[in-house]
Number of protein chains: 2
Amino acid sequence: MPTAQPRQLKLNAYLSGSGVQGDSWRHPGVDVDAWHNFERYRDIALTLERGKFHSLFFYDNVYADIDALAYHTISPRWDPLVLLPALAAITRHIGLIGTASTTYNEPYNIARRFASLDHLSGGRAGWNVVTSTGGGENFNLDAHADHAQRYRRAHEFYQVVTGLWDSWADDAVVADKASGLWVDPAKVRPLAHQGEFFRVRGPLNAARPPQGYPVIAQAGASAAGQQLAARIGELLFTAETELEHARGYYAEVKGQAAALGRNPDHIAILPGVSPIVGRSQAEAEDKYAELLRHRDRDATLKALAAYASLGVHLAGLPPDAPVPLPQHIAETNSHKSRQRLILDYIRQHRPTVAQLYARFTIGGHRILVGTPQTIADDFEHWFRSAAADGFTIMFPSAPAGVGDFVDLVVPELQRRGLFRSDYSGRTLRENLGLPRVPNRHFE
Amino acid sequence: MPTAQPRQLKLNAYLSGSGVQGDSWRHPGVDVDAWHNFERYRDIALTLERGKFHSLFFYDNVYADIDALAYHTISPRWDPLVLLPALAAITRHIGLIGTASTTYNEPYNIARRFASLDHLSGGRAGWNVVTSTGGGENFNLDAHADHAQRYRRAHEFYQVVTGLWDSWADDAVVADKASGLWVDPAKVRPLAHQGEFFRVRGPLNAARPPQGYPVIAQAGASAAGQQLAARIGELLFTAETELEHARGYYAEVKGQAAALGRNPDHIAILPGVSPIVGRSQAEAEDKYAELLRHRDRDATLKALAAYASLGVHLAGLPPDAPVPLPQHIAETNSHKSRQRLILDYIRQHRPTVAQLYARFTIGGHRILVGTPQTIADDFEHWFRSAAADGFTIMFPSAPAGVGDFVDLVVPELQRRGLFRSDYSGRTLRENLGLPRVPNRHFE
């Protein structure tokens, strides 16, 4: 559907399943009861909807690292597919994107769950397809499944799930009291899938989702992840931090998608960014300093070293010591791209421990400390430079960080015409400018 | 916790995942859009909460029978674990019980999902444990898993799920900003389960449910099902239709549970019953006649013959022909108890096709056609005869059947002191008089 409207930014909100946004949970302004108090999420979702966000997004994993529990707020966490239906019931416009692992689920269950969520929300569901960063020990395996195998399985999993969504025509349910026809059996067909990982006969026990398919989100940035994104991704939550690198990634993925016959405009690339907003630059700097003050330095450095498999006890070094150049990097079986990002930074910038610590706060995504104007300037620059179609906002705290962004930055983006003033469509696809997916079997 | 209050009825509402209650979907008063319109469920849930129902309950299955789609409203259906979180967000008191298969899920995922639902609802979650009536063809199998194996797996599945719930002490999350301790690692422990079907290390990636464990529902009535119920069931949705038989079942299951060291008062036996209520008997009879008039006779008989594996084309026989005595009954791998019920009825009553049709409307559960007084009489009789602790109400239609029951029968039960006038507790366990489950590892 061609449109005469100017291209505008897309905004996706990254929310934590533990309720803690960012790493500064000890900050006085941070609510730490959202791990069991749904009201916190209700408030945040309504604020985001007031800010006309396209979607909110929950990452997920399927294990708890017992060694990190003491300091790492990643556990305990909610099942995103329990939070999202609840949020669907109390919101009307915002898209609802949940992570579900292709490694540790069965496709029939995932197809049904997202179909139901899409019906429940009137076409606002999205599925973030991940192969997971671990969890095999909870699913009958000795260890996390192998990287290459995970991605082969993800491709087949997607094939099965979308095949199941297509097993019902959009108009299969007739429910005609006069004729007595409930479902037209000619408009439902089995899948009869047989592949390397799955045998699934179908049909699905759920009607076709209102959007055809829920929006497919993807974050994978390793070579295999990027390949998957180019093939199936529609909303890409990436971790690019350097403009030139982001431009390269943007062109590459859209090119790859085009080579596969896809329309590159039907992929929204939304790098993660963490804005710390003040009414003046000084106020923003103060907020940032206070966030940093409330971080646990040792815990962060420990997590960072583990994340990148540096093999160095960073927390034991003085702040002004240079980070040792990594020698023998252990090949990681997960988050390969994040490891690369950290290693590249160390190699290029030769930072001190303190510099590395400051840089890789909030998971390694970009941090923007500024006024609504400077943050909008940055967004606009990336947007106009073909480095991003919008951003995934990683709020440094909740609820304050969410409110700051919605009340200060969103109006500035709107004033510039960079962001819409209201929802234009009913479904998430419509709001993102993505086409409804036709059924492979039925007109 | 001993209580001085008189024993009162417990009421559980059976809701269909397709939105159609009963078999008379062609009735003019029946909403047939609830398969995609959540508002229908919202209204029903709020009505049930006005009626002080203890819980609402969604059955589920994981396949769609393509041959039955034309007339059988069992498909398409919602994923109950998508509906329940949405209902949790808009209700405050009613218990929320969802079916999840132990045959076609992984225990880690189920443990998390129900833990999240229990947190979301403030302790109102229940898990209906089923081994499923089919679906293997959608989960990499040639056919439905074998009955005995399914039940062995169910026992182990329950062991793993509850072990995961117990992997966090109730007070494991500290979230103390002053000390910087997020979770006390001494209060979280792995499970390290190794069994016939599962290897699960744990711990769970979710805090312990507010109820300790969500309430465990069970319907299994085959020998293996009854054994599982006696061991783990707390709310039993049974299909007893004859008072004497129900008394026998009641005594037997509670006896079996007591022999296993359980308190028999901590099992609520709630047989299914379908009440058709009129302000007068004549009005009730009229409503029933109209429901029957809107049934699809051939479809019902076809489903009935298939359900009991009769091997007879019942729909091809005249209404006054006697149902042939079944000779070689095919052993069914699922719903064994329902098959037995139908066969027993045929053997004892030698019904005509018309009589069988009338008797086994609405899935074979009891049908009560009467006034609020006669229905309350019946409930009271079963309740005082130690045949039931309450009932699972299978509404013949929605929303009308739900409203009829809440507005007419509930006040009569309350007037007699048989039913409470308001919720007494906060959690489903409290409302059902069930104790909170202590943690096997932590005080």
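A: Lys287(B) counts as partly exposed, because its relative accessibility is 27%, between the 20% and 50% cut-offs. The model is predicted. The side chain of Lys287(B) meets that of Asp404(B) in a salt bridge, 2.6 Å from N to O. This pair links distant parts of the chain. Lys287(B) sits in helix H7 (residues 281-293) of chain B, while Asp404(B) sits in helix H12 (residues 400-415) of chain B, 117 residues apart.

Side chains of opposite charge can pair when their charged atoms come close. A search of the whole structure finds 58 salt bridges over all chains. Another of them joins Asp389(B) to Arg7(B), with the closest N and O atoms 3.0 Å apart. Asp389(B) lies in the loop between H11 and strand S14 (390-394) of chain B, and Arg7(B) lies in the segment before strand S1 (10-15) of chain B, so the pair ties together parts that are 382 residues apart in sequence. Asp389(B) is buried, at a relative accessible area of 5%. Arg7(B), at 44%, is partly exposed.

Now take a pair within one helix. Arg42(B) and Glu39(B) meet in a salt bridge, 3.0 Å from N to O. Both belong to helix H1 of chain B, 3 residues apart, which is about one turn of the helix. An α-helix has 3.6 residues a turn, so residues three or four places apart point the same way. Arg42(B) is partly exposed at 21% relative accessibility. Glu39(B) is also partly exposed, at 39%.

Some charged residues join in a group. In chain A, a network of salt bridges links Asp377(A), Glu380(A), Arg384(A), Glu412(A), Arg415(A) and Arg416(A).

Salt bridges also cross between the chains. The rule finds 8 of them at the interface of chain B and chain A. One pairs Asp142(A) with Arg199(B), the closest N and O atoms being 2.7 Å apart. Several elements of chain B each supply at least two residues of the side that touches chain A, among them helix H1 (38-50), helix H2 (80-90) and strand S5 (173-176). H3(B) gives the most, with 8 residues. In total, 79 residues of chain B are in contact with 79 residues of chain A. The two chains bury about 6,700 Å² between them, 57% of it on carbon and sulfur atoms.

Asn37(A) caps the N-terminal end of H1(A), with a side-chain oxygen 2.9 Å from the backbone nitrogen of Glu39(A). Just after H1(A), Lys52(A) takes a positive phi of about 60°.

How values were computed
Residues are numbered from 1 along each chain as its sequence is written. Chains are lettered from A and ligands numbered from 1 in the order in which they are written. This is a predicted model: local features need pLDDT of at least 70, side-chain atom pairs count only at pLDDT 80 or more; totals for chains, interfaces and linings use all residues. Side-chain values use heavy atoms; hydrogens and water are left out. Contact means heavy atoms within 4.5 Å. Buried area is the accessible area (1.4 Å probe) that two parts lose on being put together, summed over both. A salt bridge is a side-chain nitrogen of Lys or Arg within 4 Å of a carboxyl oxygen of Asp or Glu. Helices (H or I, at least four residues) and strands (E, at least two) are DSSP runs, numbered from the N terminus. A polar contact is a pair of N or O atoms within 3.5 Å; within protein, one must be able to donate a hydrogen and the other to accept it, and residues adjacent in sequence count only if both atoms are side-chain atoms. Buried means under 20% relative accessible area, exposed over 50%, partly exposed in between (1.4 Å probe, protein chains only).
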